[in-house]
Amino acid sequence: MGNDSRPAGPERGRGGERLTTWMASRMGPRGAARSARRLVFPDHWSFLLGEIALYSLVVLLITGVYLSFYFHPSTDPVVYQGGYAPLRGQSVSRAFDSTLHLSFDVRGGLLVRQAHHWAALVFVAALFVHLMRVFFTGAFRKPRELNWVLGFLLLVLAMFAGLTGYDLPDDSLSGTGLQVVNGTLLSIPVVGTYLSFFLFGGEFPGEDLIARFNTLHTLVIPALMITVLVGYVILTLRHRPAQYPGPGRNENNVVGLPLAVRAVKSAGYLCCVSGVIFFMAAVAQINPVWNYGPFRPDQVSSGSQPDWYMGVADGLLRVMPGWEIDLWGHTLALDNLLPLLAGLLLFLAMGAYPFLEAWVTDDDRDHHILDRPRNRPVRTALGVAWLSVYAVALVGAANDIIATQLHVSVNSVTWAVRIGLFAAPVLAFAITKRLALALQRRDRDKVLHGRETGVIKRLPHGEYVEVHEPLDPARLHTLTSHEQYRPLEPAPDPDGPAPPRSVTATRRLRVALSRALYGPGTQIPKPSPSEHQELTARHRP
């Protein structure tokens, strides 16, 4: 229960040997042949987030196979003669015609199509929240860095799978999104034009657009996603499952449910997730392409909004001023290029953070006990600040809808989002850090003084005090079992040779980051056993 903090140790190993050791430790024990009957899975509601993502992916694959039987990925013009009367006799693409045929003329087609779309939204949302749970609890620490990378790649692939599938019906709304994609690609210096021509099969919109997006959506991206998912599951099984702190739980055991019980519960949960998705598809309309009409390059749908996970990119584009500069005879469209770079940096920061924290702490031990977010105030504050940028960008993607619904100027909404992109993360970081420290202080008080009982006692000298009851051992363990790091010390080895200047600068940066994460003002010291015994004795009846 005392302060068992540990300073970060020195670096060990160099070059290829260190890389080999690093990979071997992250891949799990060699030749692990544990019997499946001995597998134990921790039981906590937050672990269901990953299962929601997995079962949504199952629904996606099954409904996607069904839809592929009726969808024709072609931009060839045809005259629509289907069941939707307002568009009969109109010239549309074969892709749009097959989408309407699937929605109005195929038995159960609209239900399956909407279930596919809802499953995509649920999948990305569940995967996103699952990664946030991993981040805030520190489940990305050794030996699970590769699990984090694979989960991050799966999120990126899921977003691109949604983007390519969203554009397949060749309706006006998806065409508007494709124009944004094309403009962003063209803003990339040197290679932007080549990327656009390769993706669209010529000058936008091209003639191979739907066929190429269909190949990406149904073959390339699903194959990559399944490969990443298989690797993620293999790594998860090779490592001991991480668990929340509690009595009887340590770095060398797992407290939870056996495989047989977990499998039965998971099967039932699969049915629940599938049922909810199909219920949503039955009662909540999504992407009614017949209302938007076929895509015309010279027309843009009013009030067009992308799916939520692409809203951050659209929001950054909408609030960026129309800046352009000329360099060496070439025009750089900064109004598209800078939002693209900002979005990439936003996601790369999330993907790279575990490695930054590992570099700062130099903690080479295996961690199988999860952190409580309040016990890592700076990490938690950084995560909330990241989410605040994402949320403000989502608001920017709806600036026109907000302006029309609230009867305010769209310029006012745009400027509010521009300011919020810089102010919101600072405020979110400060507030979250203070809340985490306050919760730590509250936990310390509970450990020292016990639980309030509501019983008032009068002391011999007339003072009234409330009787406190000591915490039970399980609660006491939860509040005091976490480890508190100490920041790195800046002093070099006085007996060794003077290090190169680059090494000194790196060391200074590392020390500064270490102090920012674990220095003064970043954590409340845990009470020592003597403090606990002395103070709790005063409050006993």
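Modeller: Let's start with the idea of a cavity. On a 1 Å grid over the protein atoms alone, a cavity is a set of points where a 1.4 Å probe fits but cannot get out, and lining residues have an atom within 4 Å of a point. Points are joined across faces, edges and corners, and a volume is the space filled by probe spheres set on them. Here, the largest cavity holds about 80 Å³ of space, and the count of cavities of 30 Å³ or more comes to two. Keep in mind that this is a predicted model, where local features need pLDDT of at least 70, side-chain atom pairs count only at pLDDT 80 or more, and totals for chains, interfaces and linings use all residues. Residues are numbered from 1 along each chain as its sequence is written, and side-chain values use heavy atoms, with hydrogens and water left out.

Biologist: Which residues line the largest cavity?

Modeller: Among them are Asn-375, Gln-440, Asp-443, Arg-444, His-482 and Lys-526. Helix 15 brings the largest share of that lining, four residues. Helices (H or I, at least four residues) and strands (E, at least two) are DSSP runs, numbered from the N terminus. The chain has 18 helices and eight strands.

Biologist: What volume does the largest pocket have?

Modeller: A pocket is an open set of points with protein on both sides within 12 Å along at least five of seven lines. The largest pocket here has a volume of about 1300 Å³. Helix 5 (145-166) gives the most to the lining, nine residues. Helices 6, 7, 8, 11 and 12 also supply at least two residues each.

Biologist: Why is helix 11 called largely enclosed?

Modeller: For that you need "buried": under 20% relative accessible area, against over 50% for exposed, with partly exposed in between (1.4 Å probe, protein chains only). In helix 11 (residues 311-319), seven of the nine residues are buried, so the rest of the structure largely encloses the helix. Gly-311, Val-312 and Asp-314 are among the buried ones. Their cover includes helix 6 (172-186), helix 12 (334-361), helix 13 (377-397) and helix 15 (410-449). Over the chain's 541 residues, 44% count as buried.

Biologist: Is Ser-56 buried or exposed?

Modeller: Ser-56 is buried, with a relative accessible area of 0%, and its place is in helix 2. A contact means heavy atoms within 4.5 Å. Leaving out residues up to four places away in sequence, Ser-56 touches Ala-119, Val-122, Phe-123, Val-273 and Ile-277.

Biologist: What does the side chain of Gln-114 find close to its polar atoms?

Modeller: Gln-114, in helix 4 (residues 109-137), is buried too, at 5%. Look for polar contacts: pairs of N or O atoms within 3.5 Å where, within protein, one must be able to donate a hydrogen and the other to accept it, and residues adjacent in sequence count only if both atoms are side-chain atoms. A polar atom of the Gln-114 side chain lies 2.7 Å from the backbone oxygen of Ala-281. Now try Arg-296, in the loop between helix 10 (289-292) and helix 11. Arg-296 is partly exposed, at 29%, and its side chain reaches the backbone oxygen of Ser-91 at 3.0 Å.

Biologist: How many aromatic pairs are there in the whole structure?

Modeller: Rings of Phe, Tyr and Trp (its six-membered ring) pair if their centres lie within 6.5 Å; planes under 30 degrees apart are stacked, over 60 edge-to-face, and the rest tilted. A search of the whole structure finds 20 such pairs. Take Phe-47 and Tyr-244: their centres are 5.8 Å apart and their planes at 45 degrees, so the pair is tilted. Elsewhere, ring pairs join Phe-128, Trp-308, Tyr-309, Phe-347, Trp-386 and Tyr-390 into a cluster.

Biologist: Where does the charged end of Arg-418 sit?

Modeller: A charge sits over a ring if NZ of Lys or CZ of Arg is within 6 Å of the ring centre and within 35 degrees of the ring normal. Arg-418 has its charged end over the ring of Trp-415, 4.7 Å from the centre. Arg-212 lies over the face of Phe-198, at 5.6 Å from the ring centre.
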